[in-house]
Amino acid sequence: MLGMSSDKLLNSLFDGLYCVDLDRRISFWNSAAQRITGYSAEEVLGSNCHDSILRRVEVDGYECEVKCPLAATIADGKVREANVLVHHKHGYRLPVQVRTSPVRNEEGAIVGAVEIFTDNSNSVQILAALEQLKQDVLVDPLTGVGNRRLADMSLESRLHDWQTHRRPFGVLFMDVDHFKSVNDRYGHKTGDEVLRMLGKTISNTFRKVDTVARWGGEEFVAILPATRLPALASIAERIRSAVAGSFLMEDGQRVGVTLSIGGTIAETGDNAESIIGRADAQMYRSKAGGRNLVTLR
């Protein structure tokens, strides 16, 4: 091992590695680089690292020429890491994690750079699988908002914060007014379209920190962290107004619905059942008051 040449040592690496000069022309290409990209050393040596044969795209969308870690490292001597998509010889884009370091001569001047890259496709696939699992487990497939399980999890988390750190939060309980008449008049397919419309309208109107979920049927709940009664009232009214102004067309007719909304703020001694029950009771007060209303306590 001690007598192994530097080329043999670099070719024994599991990670891809290549070296470039100050013009970013490739002067070394190890065996793992060929295995990962499909390109042999003969095909890339002497070419520029941003030639079409290897043109990369940053994960955030920037082309290599616009935002190149190698060029930046050659310019300032700093080590960089990035996640990029490289062009495989078979035509597809391959996710890799790259690390660039400067190469210096004996006087300390930068004379090029080296890049080590690791096939990141398994990690990307795992993340995609986890995201799909999250969608399957926590998202309502019809409306695209969270499901009852997500609401329960969020509610328990907020209650814990309230009980241990006194961090306030609010809950809104929303029920579609006269939804049965929509199904009876237009059919369940249109009813589902209305629920999808509601899901998009509601989720686009709440804040990103809020949890919005379909509680069941035509009922929705929202858990709003760091919220007191005045803010809860403002948000609830914004939701009510947004839904009242939403509609879809069915046989030339506008099909729209309204929401009756009830809401409350966490109180001492609350549990999940008590706070949901209180918000639900306020929702029924909105129903009794004529519907398309917000009632809070």
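**Figure 1. Burial across the protein chain.** Of the 297 residues in the protein chain, 44% are buried. Buried means under 20% relative accessible area, exposed means over 50%, and partly exposed lies in between (1.4 Å probe, protein chains only). This is a predicted model, so local features need pLDDT of at least 70 and side-chain atom pairs count only at pLDDT 80 or more, while totals for chains, interfaces and linings use all residues. Residues are numbered from 1 along each chain as its sequence is written, and side-chain values use heavy atoms, with hydrogens and water left out. The protein chain has 10 helices and 13 strands. Helices (H or I, at least four residues) and strands (E, at least two) are DSSP runs, numbered from the N terminus. Contact means heavy atoms within 4.5 Å. Among contacts between residues at least 6 apart in sequence, 57% join residues at least 24 apart.

**Figure 2. Helix α8 crosses helix α9.** Two packed helices are described by the angle and the distance between their axes. The axes of α8 (residues 188-205) and α9 (residues 229-244) come within 10 Å. They cross at roughly 145 degrees. Axes are lines fitted to C-alpha atoms, for helices over the stretch in contact, and angles run from 0 to 180 degrees between N-to-C directions. From α8, the residues in contact are Leu 198, Thr 201, Ile 202 and Thr 205. They meet Arg 238, Ile 239, Ala 242 and Val 243 in α9. The residues of this contact divide into 5 nonpolar, 2 polar and 1 charged. Here Ala, Val, Leu, Ile, Met, Phe, Trp, Tyr, Cys and Pro count as nonpolar, Asp, Glu, Lys and Arg as charged, and the others, Gly among them, as polar.

**Figure 3. Helix α10 and its cover.** Helix α10 (residues 272-288) has 17 residues. From first C-alpha to last it reaches 24 Å, close to the 24 Å expected at 1.5 Å a residue. The expected span is 1.5 Å times one less than the number of residues. Its buried residues are Ile 275, Ile 276, Arg 278, Ala 279, Gln 282, Met 283, Ser 286 and Lys 287. Their cover includes helix α6 (148-165) and strands β7 (169-176) and β8 (211-216).

**Figure 4. The start of α10.** Asn 271 caps the N-terminal end of α10. One of its side-chain oxygens lies 3.1 Å from the backbone nitrogen of Glu 273. Asp 270 sits in the loop between β12 and α10. Asp 270 counts as buried because its relative accessibility is 5%. A polar contact of 2.6 Å joins its side chain to that of Ser 274. A polar contact is a pair of N or O atoms within 3.5 Å; within protein, one must be able to donate a hydrogen and the other to accept it, and residues adjacent in sequence count only if both atoms are side-chain atoms. Leaving aside neighbours within four places in sequence, the contacts of Asp 270 include Leu 159, Gln 163 and Arg 278.

Figure 5. Gly 290 follows α10 and has a positive phi, near 125 degrees. Asn 292 lies in the loop between α10 and β13. Its phi is near 55 degrees, a positive value in a residue other than glycine. Asn 292 counts as partly exposed because its relative accessibility is 24%. Asp 251 lies in the loop between β10 (248-250) and β11 (253-255). Asp 251 also has a positive phi, about 55 degrees, although it is not a glycine. Asp 251 is exposed, with a relative accessible area of 75%.
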